[in-house]
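Please consult the sequence and the structure shown here.

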Amino acid sequence: VVGPEGCHGTSGGFAGGQLGYRWQMSSWAFGFEGQGDWASLKGSNLSLITGNTNRSRIDDFGLFTGQVGYAWNTALLYFKGGAAVIGDRNDIIANNGALIATSSGDNRWGGTVGAGIEFSFAPNWSAAVEYNHLFIANNNTTFTTPVGAVISSDHIHGDADLVSVRVNYRWGGPVVAKY
């Protein structure tokens, strides 16, 4: 098949955890963080060329970021950026729901930028709302039938926008963040 197959958004949920370190100097906070999540983010669209359904999903992702923020009272407004990796899979589904072809799962790297606001609500405990945009590199993906025959190749774009709610426990250390 030659030509554009259209595009679609994905939706769903994810859960995971993060581990990082922050230090605070006056009202400024700096840190780094690693985050890993299991995901169920799915989307699909009808191919304008074949009439089949193109389906994609992100099964997991990780973020490795640096952070800078400004704290006041018990709040911290922060910005972050760094590397992102996703585990995704793409399928082609017939009108009757039968799997025509699938791609082997790909791990694709890219970048991420984000921002959040975090509030301390008890000693060493905080909650945050965070947004991240993942810039995932385009990938040439080969689709094979269930018996292994190659039927097509497609150029897959995989950016993602994520909103999360987080609850954090701060272990402390030489300097405990005051926000």
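Buried denotes a relative accessible area under 20%, exposed over 50%, and partly exposed in between, computed with a 1.4 Å probe on protein chains only. The model is predicted, with local features requiring pLDDT of at least 70, side-chain atom pairs counting only at pLDDT 80 or more, and totals for chains, interfaces and linings using all residues. Residues are numbered from 1 along each chain as its sequence is written, and side-chain values use heavy atoms, with hydrogens and water left out.

**Salt bridges**

- With a salt bridge taken as a side-chain nitrogen of Lys or Arg within 4 Å of a carboxyl oxygen of Asp or Glu, the count is nine.
- Strands are DSSP runs of E with at least two residues, numbered from the N terminus.

**Arg 166 and Glu 130**

- Glu 130 is buried, at 1% relative accessible area, and Arg 166 is also buried, at 7%.
- Their side chains form a salt bridge at 3.1 Å, N to O.
- This pair connects distant parts of the chain, with Arg 166 in strand β10 (residues 160-169) and Glu 130 in strand β7 (residues 125-136), 36 residues apart.
- Through shared partners, salt bridges unite Glu 33, Lys 80, Glu 130 and Arg 166 in one network.

**Pairs involving strand β4**

- Arg 55 and Asp 91 form a salt bridge at 2.7 Å, N to O.
- Arg 55 lies in strand β3 (residues 53-72) and Asp 91 in strand β4 (residues 75-93), 36 residues apart.
- Arg 55 is partly exposed at 35% relative accessibility, whereas Asp 91 is buried at 4%.
- Asp 88 and Arg 108 form a salt bridge at 2.9 Å, N to O, linking strand β4 to strand β6 (residues 106-122) across 20 residues.
- Asp 88 and Arg 108 are both buried.

Key: Helices (H or I, at least four residues) and strands (E, at least two) are DSSP runs, numbered from the N terminus.
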